[in-house]
Amino acid sequence: MCQECGCGSGGGDVKIGAHTHEQEHHHHGRERGHEHSHEHHDHGHEHGHAQGKQTLNLNRSLMEKNALLAERNRGFFHAKKLLVLNVVSSPGSGKTTFIRETAAKLGASLRVGVIVGDLATDNDAARLRTAGIPVVQITTGTVCHLDADMISKAAAQLDLDQLDVLVIENVGNLVCPADYDLGEDLRVVLLSVTEGEDKPLKYPPMFHSANVAIVTKNDMATAAGFNRDLALANLNRVSHHAHIFELSAKTGDGMKAWLDYLTNQRAAVNGK
């Protein structure tokens with residue numbers, strides 16, 4: 001998984017909104033679980049004699065730090081009566097269109113704000129802003145996922161008291177984001193009909209961690225030769241506990257069931 005791969009080591013800046021937060025990178029920056037174990041040698045104080053060797057596993061403490069920050073985020077969001085979604089998928093699955101149409105169809109009944117994570121460019125954020133949706137952009141550079149600290153900083157730039165639902169559009173990646181709790185209520189994974197029916201089997205940690213699995217771009221299923229029965233069987237095998245929706249954000253087919261589900265979930269958060 002992400003904490004073993006070393007992706008993005010060497011670092012840089014993570015840009016949130018109009019501000020740049022310098023990362024104290026050792027590997028992926030801040031305390032994210034990309035650090036590999038390092039061997040530290042004690043050279044015997046003043047005499048230079050080796051007294052032994054210790055191996056420190058930094059991953060555990062770094063992931064624990066993220067988990068603590070995520071719980072803090074979750075408590076803060078619940079105090080604001082927010083329903084928070086962490087939307088994950090591979091690149092090109094239609095996350096931005098799905099989020100835009102979800103916000104548009106909810107209209108005034110539930111007010112939606114979005115935090116967008118991308119390696120580079122703010123194209124997705126710009127598309128959402130043109131629809132009148134409050135957006136904060138996180139440009140991660142080489143970092144392949146969002147973490148709880150990034151979300152805390154980005155959320156501070158939104159007027160959360162004017163929102164009912166906060167959607168986090170994670171970096172397009174079905175590997176690294178699986179490891180990182182952001183403080184969300186629901187992890188929503190998208191599977192587009194153009195990606196192939198075996199995606200859940202190829203990326204089981206992500207699909208297994210999801211509370212909701214959404215089959216997207218249903219309007220293209222016939223052209224893509226999509227095997228619906230096989231895809232659903234694979235989802236039920238890996239994401240057997242998840243709520244599954246089939247829809248097309250482009251045509252609106254299937255969106256009502258998804259929106260009704262969101263409305264009920266928001267009511268549950270509001271009642272806490």
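Okay, let's start in the sheet: strand β5, residues 83–88, runs parallel to β8, and 5 bridges join the two. Strands and helices here are DSSP runs, at least two residues of E for a strand and at least four of H or I for a helix, numbered from the N terminus. Two strands pair if DSSP finds at least two bridges between them.

Before I go on, this is a predicted model, where local features need pLDDT of at least 70, side-chain atom pairs count only at pLDDT 80 or more, and totals for chains, interfaces and linings use all residues. Residues are numbered from 1 along each chain as its sequence is written, and side-chain values use heavy atoms, with hydrogens and water left out.

Back to β8. Strand β6, residues 112–118, also runs parallel to β8, again with 5 bridges. If you want landmarks, find Leu-85 opposite Val-167, and Val-116 opposite Glu-169. So is β8 buried or exposed? It's mostly covered: 5 of its 5 residues, 165–169, are buried. Buried means under 20% relative accessible area, exposed means over 50%, and partly exposed is in between, using a 1.4 Å probe and protein chains only. Val-165, Val-167 and Glu-169 point one way, Leu-166 and Ile-168 the other.

Next, helix α5, residues 148–155. It's largely enclosed by the rest of the structure, because 6 of its 8 residues are buried. Those are Ala-148, Asp-149, Met-150, Ile-151, Ala-154 and Ala-155. Which residue caps its N-terminal end? That's Asp-147, with a side-chain oxygen 3.2 Å from the backbone nitrogen of Asp-149.

Now the rings. Rings of Phe, Tyr and Trp (its six-membered ring) pair if their centres lie within 6.5 Å; planes under 30 degrees apart are stacked, over 60 edge-to-face, and the rest tilted. By that rule we get 5 aromatic pairs. One of them is Phe-245 with Trp-258, edge-to-face, 5.7 Å centre to centre with 70° between the planes. This pair links distant parts of the chain, with Phe-245 in strand β11 and Trp-258 in helix α10 (residues 255–270), 13 residues apart. Both Phe-245 and Trp-258 are buried. Trp-258 also pairs with Tyr-261, and that one is stacked: 6.1 Å centre to centre, 25° between the planes. Tyr-261 is buried too. Why are Trp-258 and Tyr-261 separated by about one helical turn? Because they are 3 residues apart in helix α10. Ring pairs link Phe-98, Phe-245, Trp-258 and Tyr-261 into a cluster.

One more residue: His-241, in the loop between α9 (228–238) and β11 (243–246). It's partly exposed, with a relative accessible area of 40%. Leaving aside neighbours within four places in sequence, His-241 is in contact (heavy atoms within 4.5 Å) with His-208 and Ala-210. A polar atom of the His-241 side chain lies 2.8 Å from the backbone oxygen of His-208, and one lies 3.1 Å from the backbone oxygen of Ala-210.

Last thing, confidence. pLDDT is the predictor's confidence in each residue, from 0 to 100. The chain's mean is 85, and 79% of its residues reach 70 or more. But pLDDT stays under 50 over residues 18–50, even though the model has 102 contacts beyond four places in sequence there. Where pLDDT is low, the predicted coordinates should not be read in detail.

Methods:
A polar contact is a pair of N or O atoms within 3.5 Å; within protein, one must be able to donate a hydrogen and the other to accept it, and residues adjacent in sequence count only if both atoms are side-chain atoms.
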